[in-house]
Amino acid sequence: MTPAQTVKEFARRNGMKVNSSGGVPMLSKHIGGGKWFIECFNDYPEAVEFIKKQMSDFERGVITTYPWSDM
């Protein structure tokens with residue numbers, strides 16, 4: 001998969017949206033109570049690195065409250 005496909009698949013699985021209309025990828029998700037998770041990246045490879053770190057932390061058992069999780 002290309003970096004763009006990886007990011008889009010991750011977003012789909014986590015109920016997020018990917019917007020790249022401004023030329024850079026941006027992940028977003030409404031988390032309730034008028035709050036949004038929004039993360040903007042310089043390019044898709046940078047977004048993939050962010051995703052890999054989040055998944056690596058999860059696999060190592062690092063307890064993380066993901067910013068896109070429902071509050």
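Methionine 1 is exposed, with 72% relative accessible area. The structure described here is a predicted model, and methionine 1 lies in the segment that precedes helix 1. When neighbours within four places in sequence are set aside, methionine 1 is in contact with Thr6 and Glu9.

**Overall architecture**

The protein contains two helices and three strands. Their order along the sequence gives the pattern α-β-β-β-α. Of its 71 residues, 28% count as buried. The protein exposes about 4900 Å², and carbon and sulfur atoms supply 54% of that area. Among contacts between residues at least 6 apart in sequence, 34% join residues that are at least 24 apart.

| Element | Residues |
|---|---|
| Helix 1 | 3-13 |
| Strand 1 | 17-19 |
| Strand 2 | 26-32 |
| Strand 3 | 35-40 |
| Helix 2 | 44-59 |

**The sheet**

Strands of a sheet pair through backbone hydrogen bonds, in either a parallel or an antiparallel arrangement. In this model the three strands make an open sheet in the order 1-2-3, and the pairing is antiparallel. Strand 1 and strand 3 stand at the edges with a single partner strand each, so one side of each is left without a neighbour in the sheet. From one strand to the next, the twist averages 25 degrees.

Strand 2 and strand 3 are paired in the antiparallel sense over six bridges. Within this pairing, lysine 29 has phenylalanine 37 of strand 3 as its bridge partner. The two strands form a hairpin with two residues between them. Glycine 33, in the turn, has a positive phi of about 60 degrees.

In soluble globular proteins, nonpolar side chains tend to be buried together. The largest nonpolar core of this protein has twelve residues: Val7, Phe10, Ala11, Met16, Leu27, Phe37, Phe41, Tyr44, Ala47, Val48, Phe50 and Ile51. Helix 1 and helix 2 each supply at least two residues of this core. The largest share, five residues, comes from helix 2.

Phenylalanine 10, a member of the core, is found in helix 1. Its relative accessibility is 9%, and residues under 20% count as buried, so phenylalanine 10 is classed as buried. Phenylalanine 10 and valine 48 are 38 residues apart in sequence, while their C-alpha atoms are 9.3 Å apart in space.

Leucine 27 also belongs to the core.

**The aromatic pair**

A search of the whole structure finds one aromatic pair. This pair is formed by phenylalanine 41 and phenylalanine 50, with 5.4 Å from centre to centre and 50 degrees between the planes, and it is tilted. Both phenylalanine 41 and phenylalanine 50 are buried, and both are listed in the twelve-residue core.

Methods:
Residues numbered from 1 in each chain as written. Predicted model: local features only at pLDDT ≥ 70, side-chain atom pairs only at ≥ 80, totals over all residues. Heavy atoms only, no water. Helix = DSSP H or I, 4+ residues; strand = E, 2+ residues; numbered from the N terminus. Buried < 20%, exposed > 50% of the residue type's maximum accessible area, 1.4 Å probe, protein only. Contact = heavy atoms within 4.5 Å. Areas by Shrake-Rupley, 256 points an atom, 1.4 Å probe, with all protein chains shown as cover. Phe/Tyr/Trp six-rings, centres within 6.5 Å; stacked < 30°, edge-to-face > 60°. Pairing = 2+ DSSP bridges. Axes fitted to C-alpha atoms, helices over the stretch in contact; angles between N-to-C directions. Core = buried A, V, L, I, M, F, W, Y, C linked by side-chain atoms within 4.5 Å.
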